[in-house]
Amino acid sequence: MDLKECYAAFNGDYEGVLSRLRSEKMVQKFALKFLKDSSYELLVRSLEEKNYEEAFRAAHTIKGVCQNLGFSVLGDSSSRLTEALRNGWSDDAGTLVQQVKEDYAKTTEALRSLEAETGTA
């Protein structure tokens, strides 16, 4: 799997991020750094602790990183979750949390495959 195939695996905006970062090497560098970002773990932990203010911040961070990296699907679901958590827990939040979890798993699975194939772990 190359970088373009990785982005295709999670329906990312490869061309958009490439136009912003101007080099496939830079895109790959920052995309793989996403695997080390702790925002998702913070989101899960904050939700378990019912700390919705912290969960909001974590979801907002994920949204921003995804927008910058062209992770369109995860960016969209984390954006909707951010809005659902803006004023604490909402009726929509439970469904959106599940969607973010699924999108995160799909995105990180593709990134881990890229990492393994390129030997950049």
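Leaving out neighbours up to four places away in sequence, Q28 is in contact (heavy atoms within 4.5 Å) with L3, L114, T118 and T120. This is a predicted model, in which local features need pLDDT of at least 70 and side-chain atom pairs count only at pLDDT 80 or more, while totals for chains, interfaces and linings use all residues. Residues are numbered from 1 along each chain as its sequence is written, and side-chain values use heavy atoms, with hydrogens and water left out.

**Q28 and its helix**
- Q28 lies in helix α3, where helices are DSSP runs of H or I with at least four residues, numbered from the N terminus.
- With a relative accessible area of 17%, Q28 is buried, a term that stands for under 20% relative accessible area with a 1.4 Å probe and protein chains only.

**Helix α4**
- The buried residues of α4, which spans residues 39-48, are S39, Y40, L43, S46 and L47.
- These residues are on the same side of α4 because they cover an arc of only 130° around the axis, the arc being that of the directions from the helix axis to the C-beta atoms.
- They pack against α5 (52-69), α6 (72-85) and α7 (93-118).

**The largest nonpolar core**
- A nonpolar core is a set of buried Ala, Val, Leu, Ile, Met, Phe, Trp, Tyr and Cys residues joined through side-chain atoms within 4.5 Å.
- The largest one has 35 residues, of which Y7, F34, L43, F71, L81, L85 and L111 touch the most other members.
- Among the elements that give two or more residues to this core are α1 (3-9), α2 (14-21) and α3 (24-33).
- Beyond four places in sequence, the residues that Y7 touches include Y14, V17, V27, A31, L69 and F71.

Technical notes: Buried < 20%, exposed > 50% of the residue type's maximum accessible area, 1.4 Å probe, protein only.
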